[in-house]
Amino acid sequence: MQVKVNGYKINYEIEGEGYPVVLLHGWLADLETMRPIADGLKDHFKVYLIDLLGFGRSDLPKEPLNSNDFG
């Protein structure tokens with residue numbers, strides 16, 4: 001699924017039901033790297049997997065971003 005945030009398409013997936021848990025991948029990764037963790041949590045929680053801007057199937061930023069931008 002995708003949602004538009006500040007004009008950018010952000011890719012995400014939702015699995016499971018219950019208390020929400022948001023999984024954020026590390027630098028140079030995507031939501032697929034978090035899939036094993038999501039698989040272990042989805043039977044008890046509603047898990048949100050997100051491709052951060054510039055990663056996975058989310059849009060690329062118009063200008064380079066640094067770690068402060070992601071913070």
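These exercises, each with a worked solution, go through one predicted model. Residues are numbered from 1 along each chain as its sequence is written, and side-chain values use heavy atoms, with hydrogens and water left out. As the model is predicted, local features need pLDDT of at least 70 and side-chain atom pairs count only at pLDDT 80 or more, while totals for chains, interfaces and linings use all residues.

**Exercise 1. The overall layout**

Solution. 
- Step 1: Helices (H or I, at least four residues) and strands (E, at least two) are DSSP runs, numbered from the N terminus.
- Step 2: The C-alpha trace spans about 40 × 20 × 20 Å along its principal axes.

**Exercise 2. Burial and the nonpolar core**

Task: Find what percentage of the 71 residues is buried, and list the residues of the largest nonpolar core.

Solution. 
- Step 1: Buried means under 20% relative accessible area, exposed over 50%, and partly exposed in between (1.4 Å probe, protein chains only).
- Step 2: Of the 71 residues in the chain, 25% are buried.
- Step 3: A nonpolar core is a set of buried Ala, Val, Leu, Ile, Met, Phe, Trp, Tyr and Cys residues joined through side-chain atoms within 4.5 Å.
- Step 4: The largest such core has six residues, namely L23, L31, M34, A38, V47 and L49.
- Step 5: Contact means heavy atoms within 4.5 Å. Not counting residues up to four places away in sequence, M34 touches L23, L24, H25 and L49.

**Exercise 3. The aromatic pair**

Task: Classify the one aromatic pair in the structure, and locate W27 and F55.

Solution. 
- Step 1: Rings of Phe, Tyr and Trp (its six-membered ring) pair if their centres lie within 6.5 Å; planes under 30 degrees apart count as stacked, over 60 as edge-to-face and the rest as tilted.
- Step 2: The structure holds one aromatic pair. The ring centres of W27 and F55 are 5.6 Å apart and the planes stand at 70 degrees, so this pair is edge-to-face.
- Step 3: W27 is in the loop between strand 3 (19–24) and helix 1 (35–41), and F55 is in the loop between strand 4 (45–50) and helix 2 (67–70), so the pair ties together parts that are 28 residues apart in sequence.
- Step 4: F55 has a relative accessible area of 11% and is buried.

**Exercise 4. H25 and its surroundings**

Task: Decide whether H25 is buried or exposed, and state which backbone nitrogen its side chain reaches.

Solution. 
- Step 1: H25 is in the loop between strand 3 and helix 1.
- Step 2: Its relative accessibility is 5%, so H25 counts as buried.
- Step 3: The H25 side chain reaches the backbone nitrogen of L52 at 3.0 Å.
- Step 4: Neighbours within four places in sequence left aside, H25 is in contact with residues including D30, I50, L52 and F55.

**Exercise 5. The partners of E13**

Task: Name the residues whose side chains make polar contacts with the side chain of E13.

Solution. 
- Step 1: A polar contact is a pair of N or O atoms within 3.5 Å; within protein, one must be able to donate a hydrogen and the other to accept it, and residues adjacent in sequence count only if both atoms are side-chain atoms.
- Step 2: E13 is placed in strand 2 (residues 8–15).
- Step 3: One partner is the side chain of R35, at 2.8 Å. The side chain of R57 is another, at 3.3 Å.

**Exercise 6. Loop residues**

Task: Compare the accessibility classes of N6 and G18, and find the separation of G18 from F45.

Solution. 
- Step 1: N6 lies in the loop between strand 1 (2–5) and strand 2. Although N6 is not a glycine, its phi is positive, about 50 degrees.
- Step 2: N6 has 74% relative accessibility and counts as exposed.
- Step 3: G18 belongs to the loop between strand 2 and strand 3. With a relative accessible area of 48%, G18 is partly exposed.
- Step 4: G18 and F45 are 27 residues apart along the chain, and their C-alpha atoms are separated by 4.4 Å.
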